[in-house]
Structures are given as structure tokens and as C-alpha cells.
Amino acid sequence: MDSCDDTSDKLQAPLKPVIVPKTLAPDILIRIFKHLPVPSLTNVALASRRFKVLAYDDEIWDAKLHLILDRNAMGTTVPRKCSTETNTTLMDVEGGILINNKPLSALIPGLLTDPYHTRARAKSTGQAREQFKEIYLKLLPYYVDLRNRPRESKVLKDYGKKPEECGKLLNMLVGFGACHVVDDWKQLNAATESLCQYFESASLHQFESAYDKNNTADMKKIAHALIALNGGAICIQTFVQKHPIFYDNPFKPDDNYTSSINDLEPFKKFMGLVTDECRQQSYVVAETFPEDVDVYYTFVDRVLEDVVADYVNVMLGIAQRRDRRLYLHTISVILNSSSIMIEKLTDTSLPRTIDHERGINMLFKLFIPFMDNYLYEEQAYVKDTCKKLIDEWNNHSEDSKDDEDVSSRLSNQTRETFKRNYLSAFKKVIALPVDLVSSAATTIASPFQRVGTRDETIPPATPRIVTSSMMSGSGPPSPSSSSKRASFRSTDAKNQDFKMALRELDVMQDLLSLETVVQLIHVNKDAERRVERFLDIGFPKIMHTSIKRTYEQIFVELLRTISTQHIQPAFDMAVEHLTSYTPSMEAYDVVDVPPLTEFFEMVHIGDVIQQMVQLYYDDEITKYVDKMDFINEVNKEKKNFERTLDDCVANGMDRGITVLLSQVEYILAREQRPEDYNPPNNMVEDLKPTKACQDAIECLRKNTSMLIGASEKSTMDLFISEVGRRFGETLSKHLKTQTVNEQGGFRYMSDMNAYHNFIASLRQSSVTPYFSALQSLANIYIISSAPDIKNVIHDLERYHGLLKTEDLLEFAACRSDWPTVKKVVMRDMTDCNIM
């Protein structure tokens with residue numbers, strides 16, 4: 001008893017029964033019924049009138065029809081399209097449960113409305129169940145016959161001589177078995193699968209035999225049967241793999257680069273034959289396979305993946321091991337040939353064609369394995385080549401300094417004409433296709449090589465274009481060797497003025513090289529054109545963004561190279577020359593300041609370079625870069641480039657003004673003779689400006705006029721205004737050291753008029769009044785009466801308020817008779833002290 005009591009204590013109380021709602025929602029019941037075998041649905045329909053209504057609903061039988069009739073090429077199901085008239089939607093969103101527009105509670109006494117939803121069964125017509133019944137009666141004999149010997153099945157007996165109909169029937173039997181129409185459905189489904197494999201194997205053998213005999217009629221019959229069976233995947237795979245192009249390819253990547261370093265004719269021939277073979281297969285596919293089966297795309301995609309890609313990978317490896325530029329050239333040729341191939345295969349005249357978008361995806365798959373490496377190599381090539389060109393120019397400029405012809409300079413009147421002619425020639429050359437003009441070697445050579453290094457058989461002013469075939473190696477040519485290249489004469493060479501202009505432009509390249517900049521731009525253009533081809537194809541967005549970023553970085557590298565490695569060092573050297581310059585009377589021309597002339601010519605070269613870059617930017621870069629996008633890296637770097645050039649010019653101008661005024665001060669000090677303004681009484685009077693005045697004015701005029709057209713008007717006005725202001729200070733300082741008598745006063749006045757006329761010609765309103773004041777001041781030297789001198793000094797209005805009384809007295813003290821008239825002039829003057 002005790003043991004029984006212990007056992008009863010360990011037993012747990014029974015679980016409480018789960019309370020289930022009296023009725024389940026219709027959608028829940030429908031979902032449950034869908035998973036029941038067909039025999040079980042019969043039993044469910046017998047349970048109650050409500051279950052019978054639900055078991056007969058179209059949604060259940062439509063799903064089963066979907067399994068049987070709507071099997072796609074791979075044997076899986078796809079949705080069927082139903083018209084609005086035969087829509088078998090089970091539930092409506094509005095209203096109660098309805099059958100034939102009557103509430104279910106009216107048809108089934110005692111049945112309440114769905115307590116969970118207000119969905120209704122308003123459009124269930126029963127057509128799906130009737131259609132399933134017809135198919136059931138047709139397929140059931142073939143299905144249950146598989147209980148016996150599958151390979152002697154009724155299917156093969158009735159449809160053995162009709163392969164396509166047999167394949168369709170077997171496909172339907174597979175779906176029919178998925179509906180679980182009999183109790184031993186697992187056994188019958190296994191038999192069905194075995195029969196399908198047997199049919200597929202036998203048909204595939206016949207297809208291979210027909211392929212070997214090139215019998216397209218038999219191939220078509222069997223292919224349609226296999227496609228009807230399960231989509232024909234193995235048939236398509238066999239058709240593709242048996243093509244000789246995959247195992248009997250006579251073309252080898254090593255055949256390239258044999259006759260020359262750029263020899264890619266074997267590859268082009270290979271791509272041409274592959275393209276022709278793919279086009280030929282379009283006709284074979286059209287004769288063999290149904291139009292809705294994508295066999296042609298599968299074949300072409302396999303050719304690109306297994307044949308072309310393998311060939312290209314090996315060839316690119318060979319090119320990259322030899323030379324970077326060869327690798328980039330090979331990439332360009334591959335892209336061009338592949339694009340031509342895809343263009344021909346998307347031709348709508350073919351019986352089977354490829355959609356353009358899918359063709360782009362094929363190219364994308366072909367290039368994606370080495371696209372990152374290509375973009376890196378492209379940027380590295382531009383960077384290294386630009387550095388090499390800059391280094392070559394620096395070495396060349398050092399060697400050619402001793403050969404500079406200082407006496408040959410560009411005249412001020414024709415400088416703008418020369419620049420316009422050069423920019424016009426540059427625009428013509430930069431517009432040439434890359435295939436015609438080599439990137440690294442293209443240049444308008446003759447205007448920028450010094451006379452001593454040119455080939456005497458070529459007129460110095462004849463523009464030349466050097467092509468890649470003239471290069472001795474893969475790298476860019478050096479300026480020192482460019483005179484030995486072949487050339488052709490431009491039509492502009494007939495213009496004699498243009499010839500002279502180009503010949504004189506040589507001497508402007510003391511520190512900056514237009515030829516080097518042209519070569520840099522062409523290196524950049526060559527790389528940009530290669531990248532442009534990838535941009536134009538239309539790759540997916542991620543890859544397109546990466547390619548565009550590389551496109552922008554290549555141009556940014558050009559701007560940085562020109563600004564930081566060429567322009568800035570050249571201007572720094574020019575400023576250093578200005579700083580170390582000392583005026584000397586031993587110079588060839590006293591009014592010529594060699595370092596200042598060099599600097600001003602550099603400003604013009606810098607202006608031409610900026611216009612060349614702007615022209616290249618407008619014509620080429622803006623195709624893919626929005627010039628209004630101020631946060632774009634290209635536009636920001638272009639602004640930095642322009643700012644760097646402006647800063648270099650501004651720094652040099654400040655130092656240049658100092659050097660120019662030092663030269664003017666030197667001229668006045670050395671050439672202004674004492675007798676110019678204080679001649680002896682017996683000397684014949686000369687009313688022309690003194691030589692010191694003429695040379696000082698000529699020095700200013702010659703050097704300031706050289707800068708016209710090189711900068712913006714506001715910059716020029718600021719420069720000339722500063723020159724005028726500092727010249728006024730220098731001239732005042734110089735005049736206060738002179739002694740002037742009454743006879744020399746007239747020549748003094750002549751000099752003041754000459755100075756004033758020169759300053760007035762500069763059209764600087766801020767400077768001209770001061771020289772007008774000096775012009776009026778000259779009157780104190782031709783007046784003999786001391787009171788009149790005093791009145792002239794006190795009449796401050798005539799000096800525009802620019803000269804104070806102390807300044808006027810300092811100028812008056814330069815009179816030769818100042819000790820005599822000083823007492824009268826200084827009378828009643830208590831606001832100043834004269835030391």
C-alpha cells in the first residue's frame with residue numbers, strides 16, 4: 001500500500017483540454033485543405049456542408065492545376081494567367097461569406113458568419129475542380145499503369161513514336177503525382193521519375209547521334225521532346241559542349257607580339273572567327289530549338305566565358321609582364337574587338353539574337369576579373385609618364401640654357417596673334433582621334449624647339465604631329481630627340497606671318513615648355529579615351545562609378561603635374577632670378593631687363609597653358625563631368641590649378657615691379673647729367689626730353705607692354721597702377737637730388753610733360769593726377785620773381801592736394817638761386833622748418 005501511495009504521489013494531474021473555437025476562419029481551413037491528398041478531400045467534404053463548400057472551392061483545385069499544367073523549363077511551377085471573367089479568387093475583402101451572392105448562413109442553417117474576418121467567397125465558380133476532373137480522368141490510367149513495369153508503360157506504347165507528345169505527357173504525370181491523387185503515390189512517383197530518366201537518356205543519345213551527323217531535323221524533334229519533358233537543360237548543355245570551338249581551338253595567345261611589340265593581329269583574327277562562328281550558330285539554334293528557349297544566349301555566354309576569357313587572361317598576362325603601356329593598349333584592343341563582337345551578335349537581322357542589355361552584361365562578366373587592375377595601371381601609367389616628361393624637360397632645359405638667343409624676342413604687337421594661332425593649332429591636334437595621334441608622342445613640335453636643335457630640312461615654323469609608329473620605344477619621346485621624327489606640313493604653313501610667329505615663340509620657353517604641356521595633355525587624352533570606352537558601354541552602376549572616378553583622377557593628375565611640377569618650380573626660379581638681378585650699364589640694352597623679360601614671357605606661356613587646359617577641359621572632360629558641380633573633385637582641382645598660376649604670377653609681379661623700378665632708378669642715376677637741368681649760360685638750349693627721361697620711359701613702356709594680354713584686365717590695371725605709383729616715388733626722390741637753373745627749367749618742364757604723357761597713356765586714373773602735379777610743379781623753376789615763386793608754392797589747388805607745402809619747398813630748394821630767393825619765399829611761413 002505504501003508503494004502504491006508513493007506512485008500516486010508522483011503522478012501529475014492531467015493537462016487541461018485546449019479550448020478550440022467552434023469555427024475556424026475560412027482562409028485557415030483552405031490553407032489546411034491545400035495540403036491534403038485528393039482522396040482525403042473526399043472524406044473532408046463528407047464531414048459537413050460547410051467543409052464541402054470549402055473543399056470544392058477553386059483555390060484548392062487551382063493550386064493542383066498549377067502543379068500539373070504550369071511547369072516551366074526546369075520542371076518547377078510558374079503562375080497561370082487567368083482572365084477577369086474566370087477569376088477563381090476564393091475570398092473577397094468586403095462582406096460576409098457568400099455563395100452565389102447569398103449568405104452562407106442562408107444556405108446552411110445554423111452556420112454563423114465568420115467570426116474572424118468579413119472575407120467572402122463571392123467568385124468561386126467550381127470551374128477549377130471540373131478542369132482538374134477532366135485531367136484526372138485522362139492521366140490516371142497512365143499513372144496507375146506505372147505500378148507494373150515502368151519501361152513497358154502505357155505512355156511509351158501510346159506515344160513512343162511521338163517524342164514531343166510523350167515528353168509533355170511525362171511532364172504532366174510528374175505534376176499529377178505531386179497532387180497525391182492515390183494512396184501509393186510515393187511508389188508511383190518514383191516509377192514516374194525512373195521512366196522520365198529512361199526517356200531522357202534515350203532521347204539524349206539520339207540527339208548526340210543526330211548532332212554528329214548534322215541532322216538538324218532529328219535534332220529539332222528530339223530537342224522539342226526533351227524541352228517538353230523537363231526544360232531540356234541537359235540537351236542544351238550537350239548542344240553547347242559538343243561544339244568544336246571549346247576543345248579544338250587552334251589559336252594561341254603566344255602568337256601575339258611576335259612580329260612587333262604591338263602586334264595583335266592574331267587576336268583580332270581570333271575574335272573575328274569566333275564572332276562568325278557565333279553568328280552561324282544563330283541559324284542552327286533557330287532550326288533546332290523553340291524560340292522561347294534561351295539556347296543562343298547560353299551558347300554565346302559559354303564561348304565568352306570558356307574560350308575568349310581564357311585567351312584574354314593569358315594574353316594580358318604576357319602584355320603586363322612586358323610593358324605597362326602595352327598592357328593598356330592590349331586592354332583597349334580587347335574592348336574594341338569584344339564590343340564589335342557583341343554589336344554583331346545583337347544584330348536584329350539574325351534569326352536568334354541577344355538583347356542589347358544582356359550583351360552589355362556579357363562584356364561586364366568578361367572584364368570584371370581584371371577591371372580593378374586595369375584602372376590602377378591606367379592611373380599609374382599617367383602618373384609615371386607625366387613624371388618622366390617633366391624630368392626630361394628639366395634636364396633638357398638645363399642643357400639648353402647656354403644656347404638661348406636673348407636678342408630674339410617676341411614683339412609686343414604680334415604676341416596675341418601668335419598665341420591665337422598656336423591655340424588654334426592645338427585645338428586641331430587635340431581633336432584628332434587617339435588612333436591617329438599617339439598619346440605620349442603627339443606634339444605640335446616645331447613652334448617650341450629651339451632653332452639650334454631643329455632638323456634643317458624642315459621649315460622651323462611648320463607644325464608637326466609625331467605618331468606612335470615613329471617612336472623608338474614604348475615610352476614618350478624626349479624634347480631633345482623630337483627634331484629627328486618624321487613630320488607632315490600643315491596647311492597653316494603657307495601663312496608666312498604664322499611661320500615667323502611660331503619661329504619666335506621658341507624663345508619664350510626659357511623655363512616653361514608648351515611642348516611638354518602638349519605631350520602631357522596627349523598622355524592624359526590617350527588614357528581618358530580608353531576609359532571613355534568603358535564609360536560609354538554602360539556597365540552596372542557600381543562599376544560605372546569606379547570607372548568614372550578613375551576618369552576624373554586621370555585629369556586631376558594632369559592638373560597637379562602641370563601646376564606643382566612644372567609651373568610652380570618655373571615661376572619660383574624666375575622670381576629667384578629677379579631677386580638676384582643687379583642693374584648694369586654693361587647690358588646689351590639698358591632698357592631691357594633680362595630676368596623681367598623672362599618672367600613676363602613666362603606669364604604669357606602660363607596664360608597659353610591655362611587656355612590649353614581650359615580648351616581640353618571644355619572639349620573632352622565636360623562630356624562626363626558637370627562643370628556646374630562645384631563639389632566635384634575635377635572642378636575643385638581645376639580651381640586650385642588656376643589659383644596656383646595666379647599666385648605664382650602675383651608673387652612674381654610684386655618682385656618684378658621692384659626690379660623694374662630698380663632699373664629705372666639706375667637709368668636715371670647714371671644717365672641724368674648735371675648740365676641737363678643746370679646748363680651753363682653759354683650752352684645752346686635744347687627743349688627735347690633728356691636721354692635719362694627717354695630711356696626711363698622706354699624701359700617702363702617696353703616691359704609693361706609685354707604683359708598685355710597675359711592676365712585679366714583687373715590684374716593688369718592693378719599691376720600698371722602699382723608701377724605708376726612706385727615710379728612716382730622714385731622720380732620724386734630723383735628730382736629732389738637735381739639742381740635746376742632758370743634755363744634748365746624749360747628742359748625740366750619738357751621731361752615732366754614726357755613723364756605725364758606716358759603715365760596718361762597707361763589710363764590709370766589713380767596715378768595720373770600725381771604726374772599732373774609734377775607737371776605744374778615745374779613752373780617754379782622758370783619763374784625768376786621770388787614772390788611769384790612763393791605764390792605758386794602756396795597755390796595748393798593746382799597740385800590736386802597731392803603735394804604738401806613741405807614737399808614743394810623741397811623741390812624749390814633744388815633751384816640754383818635758392819639761397820638768394822629763400823628769404824623771400826620763406827617769409828611768413830611758420831608751419832614748416834627747412835633744415
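Lys268 has a relative accessibility of 40% and therefore counts as partly exposed (buried means under 20% relative accessible area, exposed over 50%, and partly exposed in between, with a 1.4 Å probe and protein chains only). The model is predicted, so local features need pLDDT of at least 70 and side-chain atom pairs count only at pLDDT 80 or more, while totals for chains, interfaces and linings use all residues. Residues are numbered from 1 along each chain as its sequence is written, and side-chain values use heavy atoms, with hydrogens and water left out.

Lys268 also takes part in a salt bridge, its side chain meeting that of Glu265 at 3.8 Å, N to O (a salt bridge is a side-chain nitrogen of Lys or Arg within 4 Å of a carboxyl oxygen of Asp or Glu). Because Lys268 and Glu265 are three residues apart in helix H13, about one helical turn separates them (helices are DSSP runs of H or I with at least four residues, strands are runs of E with at least two, and both are numbered from the N terminus). By this rule, the count of salt bridges comes to 34.

Asp294 pairs with Arg358, with the closest N and O atoms 2.3 Å apart. Asp294 lies in the loop between H13 and H14 and Arg358 in helix H16 (residues 356-367), so this pair ties together parts that are 64 residues apart in sequence. Asp294 is partly exposed, with a relative accessible area of 34%, and Arg358 is partly exposed at 30%. A further salt bridge joins the side chains of Glu378 and Arg530 (2.5 Å, N to O). Here Glu378 belongs to helix H17 (residues 371-400) and Arg530 to helix H20 (residues 514-537), so the bridge ties together parts that are 152 residues apart in sequence. Both Glu378 and Arg530 are buried. Elsewhere, salt bridges that share partners join Asp654, Glu722, Arg725, Arg726 and Glu729 into one network.

Turning to the aromatic side chains, the structure holds 28 aromatic pairs (rings of Phe, Tyr and Trp, the last by its six-membered ring, pair if their centres lie within 6.5 Å; planes under 30 degrees apart count as stacked, over 60 as edge-to-face and the rest as tilted). Phe33 and Phe51 form an edge-to-face pair, 5.5 Å centre to centre with 75° between the planes. This pair links distant parts of the chain, with Phe33 in helix H2 (residues 26-34) and Phe51 in helix H4, 18 residues apart. Phe33 is buried at 4% relative accessibility, whereas Phe51 is partly exposed at 26%. Phe239 and Phe289 are also edge-to-face, at 5.1 Å centre to centre and 75° between the planes. Phe239 sits in helix H12 (residues 233-241) and Phe289 in the loop between helix H13 (265-288) and helix H14 (295-322), 50 residues apart. Phe239 is buried, with a relative accessible area of 0%, and Phe289 is buried at 2%. Ring pairs also link Phe364, Phe367, Phe370, Tyr374, Phe534 and Phe539 into a cluster.

Tyr56 is found in the loop between helix H4 (49-55) and helix H5 (58-69) and is partly exposed at 35% relative accessibility. Leaving aside neighbours within four places in sequence, Tyr56 is in contact with Ala45, Trp61 and Arg129 (contact means heavy atoms within 4.5 Å). Tyr56 and Arg129 are 73 residues apart in sequence and 6.9 Å apart in space, C-alpha to C-alpha.
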